[in-house]
Amino acid sequence: MAPERDTGTRERNPAGATAAPRPRAPRLDQPRPPRHRFLPEWDPEAFGRLSEKIARFLGTGRFIVWMTIVIIMWVVWNIAAPIALRFDQYPFIFLTLMLSLQASYAAPLILLAQNRQDDRDRVNLEQDRKQNERSIADTEYLTREVAALRMGLGEVATRDWIRSELQDLMKELEERRRHDGHVVFPAERAERSPGRDAEDR
């Protein structure tokens, strides 16, 4: 026989009471609290603008002139100054280190400025392409409208055409009146026979 279940002594817990509490979902009507970051934050746009300024300065003749003056002063000081005041003896290892450091920083800054310029050029090219597409579509639409107007004007009677047709009709009526002797226009008939009109009335 199966053992009887002791249902009287056991207390039933409400559903979900023994389950782990659910993490509270962030509220959508409130901004998120700021996260603590260990790494420093910087504005990439500001850094990009600074890199472009440095790259522009490195590509000018003024930078070359100043760098040449500094190197000449460096070499002259370390050759002509007293030995106690010289800080970089020949073969100027510290100067070589400084120039290498300057070159190692200048190359990435120039590449970053070029990448930003390429991004701007890509955006400008995309805008130019869309503008050209709109211009082509407008030109095609205007071409179709002009063609439709030409076709419509080809079917419209102009003033000169109506005048020439009326002149031809007048000539034809004049010729008929001369050959047949019949009065064509009612006004002429009324002028020629006013008595007949009175009799008809």
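A salt bridge here is a side-chain nitrogen of Lys or Arg within 4 Å of a carboxyl oxygen of Asp or Glu. The model is predicted, so local features need pLDDT of at least 70 and side-chain atom pairs count only at pLDDT 80 or more, while totals for chains, interfaces and linings use all residues. Residues are numbered from 1 along each chain as its sequence is written, and side-chain values use heavy atoms, with hydrogens and water left out.

**Exercise 1.** Find the salt bridge partner of Glu52 and say where both residues lie.

*Solution.* 
- Start with the total: the structure holds 6 salt bridges.
- Glu52 pairs with Arg116, and their closest N and O atoms are 3.0 Å apart.
- Helices are DSSP runs of H or I with at least four residues, numbered from the N terminus.
- Buried means under 20% relative accessible area, exposed over 50%, and partly exposed in between (1.4 Å probe, protein chains only).
- Finally, widen the view: a network of salt bridges links Glu52, Arg56, Arg116 and Arg120.

**Exercise 2.** Work out the spacing and exposure of the pairs Asp119 with Arg122 and Glu133 with Arg129.

*Solution.* 
- Asp119 and Arg122 form a salt bridge with closest N and O atoms 2.8 Å apart.
- These two are separated by about one helical turn because they are 3 residues apart in helix α3.
- Asp119 is partly exposed at 40% relative accessible area, whereas Arg122 is exposed at 52%.
- For Glu133 and Arg129, the closest N and O atoms of the salt bridge are 2.6 Å apart.
- Both lie in helix α3, 4 residues apart, which is about one turn of the helix.
- Glu133 is partly exposed at 45%, and Arg129 is partly exposed at 38%.

**Exercise 3.** Which element gives the nonpolar patch its largest share?

*Solution.* 
- List the members: Trp77, Leu85, Phe87, Phe94, Leu97, Met98, Leu101 and Tyr105 form this surface patch.
- Recall the rule: patch residues have over 30% relative accessible area and no salt bridge, with nonpolar side chains (Val, Leu, Ile, Met, Phe, Trp, Tyr) joined within 5 Å and like charges within 9 Å.
- Together the members have about 840 Å² of accessible area, by the Shrake-Rupley method with a 1.4 Å probe.
- Helix α3 supplies the largest share, 5 residues.
- Trp77 sits in helix α2 (residues 61-80) and is partly exposed, at 42% relative accessible area.
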